[in-house]
Amino acid sequence: MTDPNDWDVTDDKFHEECGVFGLWNANDAAALTALGLHALQHRGQEAAGIVTLDNEGIFHSHRGRGLVGDNFSDAKVIAELRGHAAVGHNRYATTGETALRNVQPLYADFEFGGFAVAHNGNLTNAYALRRALVRRGCLFQSTTDSEVFIHLIAISLYSTVVDRLIDALKQVQGAYSLVALHNGALIGARDPMGVRPLVLGRLQNGGWVLASETCALDIVSAEFVRDVEAGEIVIIDGNGVRSIKPFGRGQNRFCIFEYIYFARPDSIVEGTPVYETRKRIGSELARESGVPADVVVPVPDSGVPAAMGYATEAGIPFELGIIRNHYVGRTFIEPTDQIRHLGVKLKHSANRAMLEGKRVILVDDSIVRGTTSKKIVEMVRQAGAREVHMRVSSPPTTHSCYYGIDTPERSKLLAANHSVEDMAQIIGVDSLAFISIDGLYRALGKPGRDAARPQYCDACFTGEYAIRLSDLENNTEKQLSLLQPAAGQ
Ligand code: SF4
C-alpha cells in the first residue's frame with residue numbers, strides 16, 4: 001500500500017539546480033535580492049544566500065540552509081546586509097553535499113578586493129581542474145564545482161578582474177550562468193552555448209538586475225531588457241552595461257527542458273513565454289497521439305498548461321481530476337499502522353466526481369523513474385476511472401543531465417531501460433505516449449529538430465551531449481573532500 005506521507009508528484013522529476021540574482025545601484029539591495037530569490041525558489045530549495053556590497057567597499061554575507069523565507073524574513077538580517085549592490089543564490093545541490101560551506105554566493109578576498117560569485121549550472125571538467133589546482137597549492141573550502149572559478153581567478157596572471165574572469169571561463173567546460181560582484185562592477189556571464197538562462201533587467205531608479213528568469217524581474221518591478229547572450233559577459237557599473245563576447249560566435253544550445261518543466265510558467269525564456277509554449281506542446285501532443293476519452297486531467301501542477309493545450313486541441317473537457325494540497329509540511333504526522341491502513345494521501349487527492357466511470361487522459365510533463373506515475377495511476381483507478389491513458393509532454397527521458405540538473409543515473413531512468421509498451425505496463429496505464437522530439441521542436445516554433453545543428457540542448461532525450469563530459473570520459477575520481485561536516489554545518 002502507498003505510504004501516506006512520503007510521496008509527491010515532484011519527487012520523481014528532474015530538479016532544477018540553482019537560481020541566481022544580482023543587483024547594481026539599488027536602495028534596499030538585500031531586500032530586493034531576497035524578493036528576487038523568492039521568485040526563483042522553484043530553482044532550488046536547499047539553501048539560499050546573499051552577499052551585498054556597501055559604499056565603503058565592504059561586503060556583507062548571509063547564507064543558510066532552507067528556503068529564502070527561512071533565511072531572509074528577519075528584518076535584522078536584511079538590515080545587516082547593507083549596500084547598493086548584491087548577488088544572491090538559491091541552491092539545489094548538483095555537486096557537493098548539502099553543507100553550509102557549499103552554500104553560495106561564494107566569497108573570496110583577492111589583492112584587487114572582495115569578489116562574490118553565484119553559479120547556476122554544472123562544470124563538466126571541474127574535477128580535473130580541481131585536481132590540477134590543488135596540485136598547485138590551492139586550498140578548497142567547499143565541495144562545489146563553483147569554487148573552481150574562485151581559484152582560477154586567483155591564479156590568473158591578468159591584471160583586471162574581467163580579464164581574470166575571462167581567463168577562468170576559457171578553462172572551464174560545462175554549463176554556467178553566473179553573477180559576480182566586486183568593488184567596481186556587477187558581472188553576468190553565460191557559457192558559450194547558453195545552456196542555462198540569464199536575463200538583464202532595469203530597475204525604475206535606473207539600477208540594473210541580472211536574474212535566472214524574468215519572473216524575478218517582475219517581483220522587483222524591473223523592466224526586462226534582454227537575455228544575456230550565449231557566451232556573453234556583461235559588466236555593469238556606473239557607466240552602464242558593457243558587453244564582451246570572448247568566445248566568438250558559438251552555437252546556442254539552450255536547455256529545452258526549461259520550457260517543458262523547470263522555468264516558472266509566467267517567465268519569458270529566450271523571448272518565448274513559457275506558459276504559452278507548454279500549451280503548444282500539449283496541442284502538438286494531442287495531434288500526435290490522440291485517443292478517445294471523456295476528460296483530460298493534468299498531473300498537478302506542472303502538467304496543467306500542457307493538459308490545457310491538449311484538451312483544447314482534442315476537443316475533450318479539461319478537468320482537475322487530481323487535487324494537490326500545497327499546505328502539507330514534511331512531517332505532518334507519523335503514520336501508525338492504523339493510519340497507514342487508511343491509505344491516506346496527504347499531498348494529493350483524486351477528485352472522484354471528475355474521474356468515476358470516465359476514460360481519462362492524464363497529462364504529465366515527464367516520466368523519470370516512473371515511481372510516482374505508478375502511484376498517480378493507481379489513485380485515479382481507485383477513484384473509478386474506466387480507462388487511464390497517459391500522455392507526456394516531453395520525449396522519453398533516456399539520458400542523465402550533466403549540465404546542472406539533478407537527475408538519477410541512467411540505470412534508474414525508466415525510459416532508458418524499457419520500451420514505451422513496457423513502461424505502460426509498469427505504470428499501469430491502458431496506453432502511453434510521449435511527444436516526439438520533432439513535435440517538441442515544432443511546438444517551439446521550429447520546423448523540427450535540425451539533426452546537423454540542433455537548436456537546443458536535448459541530451460537527456462537524445463544522448464547527444466553538446467559540451468564535452470571530460471570528467472566522465474576520464475572516469476575522474478569524485479572524492480572531493482575528506483571532511484565530513486557535522487549535521488547542520
Ligand atoms: S540534458 Fe536535458 S535537462 Fe540537461 S541541459 Fe540538456 S536539455 Fe536540459
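**View 1. A314 in helix α10.** A314 belongs to helix α10, which spans residues 304-314; helices (H or I, at least four residues) and strands (E, at least two) are DSSP runs numbered from the N terminus. The model is predicted: local features need pLDDT of at least 70, side-chain atom pairs count only at pLDDT 80 or more, and totals for chains, interfaces and linings use all residues. Residues are numbered from 1 along each chain as its sequence is written, and side-chain values use heavy atoms, with hydrogens and water left out. A314 counts as partly exposed because its relative accessibility is 34% (buried is under 20% relative accessible area, exposed over 50%, partly exposed in between, with a 1.4 Å probe and protein chains only). Between A314 and V291, 23 residues apart in sequence, the C-alpha to C-alpha distance is 8.7 Å.

**View 2. The largest nonpolar core.** A nonpolar core is a set of buried Ala, Val, Leu, Ile, Met, Phe, Trp, Tyr and Cys residues joined through side-chain atoms within 4.5 Å. The largest has 45 residues, and F14, F257, V296, Y310, I361 and Y403 touch the most other members. Elements that each supply at least two residues include α9 (274-289), α10 and β20 (359-364). Helix α8 gives the most, with five residues.

**View 3. The surroundings of V296.** Beyond its neighbours within four places in sequence, V296 is in contact (heavy atoms within 4.5 Å) with residues including A307, Y310, I316, F318 and I361.

**View 4. Cysteines C401 and C457.** C401 is buried, because its relative accessible area is 16%. C457 is also buried, at 10% relative accessibility.
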